[in-house]
Amino acid sequence: MSRMENRTIDNGEVSLFEVTIRFVGGLLSAYYLTGDELFKIKAIELGERLLPAFNTPTGIPWALINLRSGVGRNWGWASGGSSILAEFGTLHLEFVHLSEVSGNPKFAEKVMAIRKVLNRLEKPHGLYPNYLSPVTGHWGQHHVSIGGLGDSFYEYLIKAWLMSDKTDEEAKAMYYEALQAIETNLVRRSASGLTYIAEWRGGILDHKMGHLACFSGGMLAMGADDAPADKSKHYMELAAEITFTCHESYKRSATKLGPEAFRFDGGADAVATRMNDKYYILRPEVIETYMHMWRFTHDPRYREWGWEAVQALEQYCRVDAGFSGIRDVYSTLPHHDDVQQSFFLAETLKYLYVLFSEDELLSPEHWVFNTEAHPLPVIRRNTQEQVITNDQ
């Protein structure tokens, strides 16, 4: 008997979102890539332990769940006890696959219920605010961001459509409706011609873009082929523009690594103007977008930009024990933060590896990456086993 078989899931309070994308997603991916039943068993076991988080008046889950008691709560800082869009909206891929591997529909039913709540809510200008009360079902603060607090909700809509072998029409409709509202209300062009996605605070635009929002270039490319009303070319052009802007945020720093957030006001153009935005913690989003853009266009500049990032990581982030974040990307004498984030291995390096690999490796025809870069197979009825075998 293996050591893992003897292991039980630890008790304690955990983040529903983080455990889902990192652990459930990782276990499911390991099962699909290896065929080892133990990974499936552990994924289902963990999924069962997370289900009490959905025991709310609306079905919108709590952010935090105690695995021992099943008691849930939300972050104290989140707008009036709200749940966060990027957290409760980024469970769909993993929970649908839990139903696939377990044969139990309850996992998929939980995330489908979230959609029902969202679809019946009135959305300001068609936009999804980042906070929603799991008790009342009402929006919290009217803050909209394609970066932190909102980002992966949109990503999971288009990925749900793709993962369903393009049968999840609800996800498709929600994605393109949201995208239209984003383009109308948030997409702007700077004085120098850089396209960016601003944040929205109750009707007032904040002309900044977070590093986290730079995943959106790749997201736009993923969804371009199926866009309505002949907008495929338009969305690919928008994807390229956003990717170029995010690359400029790297290019305009001394280290050639991008800051946590960059602005487009007060004379700033794709640069951080506040000290608490100048750090880089080995984030993957820009490289993730390079990888997707390469796969959909085969434009060599995306590999060139990826290689620039590799060289910068080696020069400024490599330390004796691995890689470290840096506190100021505009200084060539970097002050390391002495932290190697887990997503550096799970995402940043993986996306770089895929960027420079052949298209057959984890092909988008057969695989969808969850938001932590764990590959999950496209669900084709009665052919899933064949997909697993062919891609091993």
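Just after H11, His-298 takes a positive phi of about 55°. Helices here (H or I, at least four residues) and strands (E, at least two) are DSSP runs, numbered from the N terminus. The model is a predicted one, so local features need pLDDT of at least 70 and side-chain atom pairs count only at pLDDT 80 or more, while totals for chains, interfaces and linings use all residues. Residues are numbered from 1 along each chain as its sequence is written, and side-chain values use heavy atoms, with hydrogens and water left out.

Back to the helix itself. H11 covers residues 285-297, which is 13 residues, and its first and last C-alpha atoms lie 18 Å apart, close to the 18 Å expected at 1.5 Å a residue (the expected span is 1.5 Å times one less than the number of residues). Eleven of the 13 residues are buried, so H11 is largely enclosed by the rest of the structure; buried means under 20% relative accessible area, exposed over 50%, and partly exposed in between (1.4 Å probe, protein chains only).

Leaving aside neighbours within four places in sequence, Leu-257 touches residues including Tyr-250, Tyr-280, Leu-313, Ile-326 and Val-329.

Then there are the aromatics. A search of the whole structure turns up 19 aromatic pairs; rings of Phe, Tyr and Trp (its six-membered ring) pair if their centres lie within 6.5 Å, and planes under 30 degrees apart count as stacked, over 60 as edge-to-face and the rest as tilted. Trp-75 and Trp-77 have ring centres 6.3 Å apart and planes at 20°, so this pair is stacked. Trp-75 is partly exposed at 27% relative accessible area, and Trp-77 is exposed at 53%. For Phe-244 and Trp-305 the centres are 6.3 Å apart and the planes sit at 55°, so the pair is tilted. That pair links distant parts of the chain, with Phe-244 in H10 (residues 232-251) and Trp-305 in H12 (residues 300-317), 61 residues apart. Phe-244 is partly exposed at 33%, whereas Trp-305 is buried at 9%. Elsewhere, ring pairs join Tyr-128, Trp-139, Phe-153 and Tyr-154 into a cluster.

Definitions and conventions: Contact = heavy atoms within 4.5 Å.
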